[in-house]
Amino acid sequence: MLFPEAEYLSYRFPEPQYLGAKYVHRGWIAQFIPENARTVLDAFSGSQSIAYMLKQMGKKVVTNDFLCFNYFIGKALVENTRYTLDSAALDILFAENSAPEQYNLMENLFGGLFFEAGDAAFADSFRSNVPRLSNPYQQALALTVMCRSMTRKVTMGHFAHTQALVYAADPARVKRNRSLVRPLKELFLELLPEYNKAVFDNNQPCVSRQENILDLLPELHDIDVAYFDPPYCNSHADYQSFYHLLETFVVYWKDKNFVNGTKRYEPRRYSGFDKNSEALTNLQCLFERSQEIPTWLVSYNDRSYPDIDTMVSILEQYRKVDIERKQYAAGRGGKGSVAGSSEILFVCTLN
């Protein structure tokens with residue numbers, strides 16, 4: 001059975017708008033999770049769609065991503081078992097800016113770039129009130145829903161371009177996507193019920209982490225399966241460029257420079273997997289530090305560096321490797337998921 005714990009199938013992960021998200025592949029990936037696996041690591045969790053699927057399967061989930069806004073999705077929907085946002089929480093979040101001299105980053109950086117002044121000021125006010133919520137799970141859920149609202153409001157759902165307000169002023173584009181001109185507060189209220197309904201308890205102690213995976217692996221024990229979806233050099237979206245605004249919003253940087261036309265933060269968070277010069281060494285290190293984990297599932301793309309043969313040669317130092325392929329019939333955004341390319345899953349076992 002694909003999902004032995006069928007009681008959790010009534011919960012639905014809110015569909016992400018995230019380049020490279022494995023949301024559409026989750027059923028395919030689930031086939032290769034051993035039924036007897038109890039604890040599963042999602043090491044590069046991104047949108048959290050696979051971690052959430054693992055939670056639906058009744059697994060104890062350790063989900064990790066080095067970007068903070070992704071960590072909060074995991075905190076809100078994987079680790080969280082019961083806390084939602086009710087009317088009392090909304091009264092707090094929608095109150096006036098609790099510290100306008102401190103919370104003005106969105107208006108100063110992104111007002112007139114990605115958002116009109118009113119929406120940018122609302123985002124600052126909202127962010128100022130998040131710490132006033134009663135617990136960290138409500139805080140994580142508030143940040144998660146607001147980040148999703150922001151991607152709904154921007155054409156293409158990312159922040160690596162400077163045409164957001166130009167597109168929002170184009171009647172033809174607005175006709176196709178009314179969200180471009182809808183207020184952030186309205187989008188938040190529309191999305192919130194779906195996120196509230198996604199919160200559930202699978203009776204397992206799931207946890208969300210924000211670490212560089214190479215640092216986290218030595219701390220982990222008794223993991224049965226590791227799912228690895230590392231950045232694909234040459235074929236993945238540059239997540240820190242595409243989603244820099246979301247990271248800036250949740251962390252609320254005070255010690256960064258903001259560069260180029262999109263006001264991306266510098267210095268960037270260190271991944272270790274997104275540059276050709278570092279990828280091979282760090283992939284080798286990743287698998288070296290995962291030897292205690294019996295089964296690995298490694299997502300990849302056939303247009304990436306290193307190539308498939310090189311990946312297999314690395315993996316075969318540690319595991320028996322079977323290669324599963326799923327070809328893209330049409331593009332889904334990003335350089336890797338284009339028509340004719342293939343989603344790869346390396347199924348790595350001890351025998």
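Two residues are said to be in contact when they have heavy atoms within 4.5 Å. The model is predicted: local features need pLDDT of at least 70 and side-chain atom pairs count only at pLDDT 80 or more, whereas totals for chains, interfaces and linings use all residues. Residues are numbered from 1 along each chain as its sequence is written, and side-chain values use heavy atoms, with hydrogens and water left out.

**The cores**

Leaving aside neighbours within four places in sequence, Leu77 is in contact with Phe13, Pro14, Tyr52, Lys55, Leu141, Tyr195, Ala198 and Val199. A nonpolar core is a set of buried Ala, Val, Leu, Ile, Met, Phe, Trp, Tyr and Cys residues joined through side-chain atoms within 4.5 Å. Buried means under 20% relative accessible area, exposed over 50%, and partly exposed in between, with a 1.4 Å probe and protein chains only. The largest nonpolar core has 63 residues, of which Leu77, Phe115, Met150 and Phe249 touch the most other members. Among the elements that give two or more residues to this core are α3 (68–79), α7 (136–153) and α13. The largest share, eight residues, comes from α7. Apart from this core lies another, of 32 residues, which includes Leu220, Phe273, Cys285 and Tyr300.

Helices (H or I, at least four residues) and strands (E, at least two) are DSSP runs, numbered from the N terminus. Helix α13 (residues 244–251) is mostly covered, with seven of its eight residues buried; Leu245 and Phe249 are among them. Just after α13, Tyr252 takes a positive phi of about 55°.

Met106 belongs to helix α5 and counts as buried, because its relative accessibility is 0%. Not counting residues up to four places away in sequence, Met106 touches several residues, including Phe115, Met150, Leu245, Phe249 and Tyr252.

Thr295 is part of strand β7 (residues 295–301). With 11% relative accessibility, Thr295 is buried. Beyond its neighbours within four places in sequence, Thr295 has contacts with Pro34, Asp224, Val225, Ala226, Cys348 and Thr349.

| Residues joined | Omega |
|---|---|
| Glu266 and Pro267 | about -5° |
| Tyr305 and Pro306 | about 0° |

Pro267 lies in the loop between β6 (264–266) and α14 (276–288), and Pro306 in the loop between β7 and α15 (308–315).

Asn203, in the loop between α10 and β3 (207–209), has a positive phi near 65°. Asn203 is exposed, with a relative accessible area of 57%. Asn260 has a positive phi near 55° and sits in the loop between β5 (257–259) and β6. At 43% relative accessibility, Asn260 is partly exposed.

**The chain as a whole**

The protein chain holds 15 helices and nine strands. Its radius of gyration is 20 Å, close to the 20 Å that the globule rule gives for 351 residues, so the chain is as compact as a globular protein of that length. This radius is taken over C-alpha atoms, and the rule is 2.2 Å times the number of residues to the power 0.38. The C-alpha trace spans about 60 × 40 × 40 Å along its principal axes. Of the 351 residues, 57% count as buried. Residues 24 or more positions apart account for 76% of the contacts with a separation of 6 or more.
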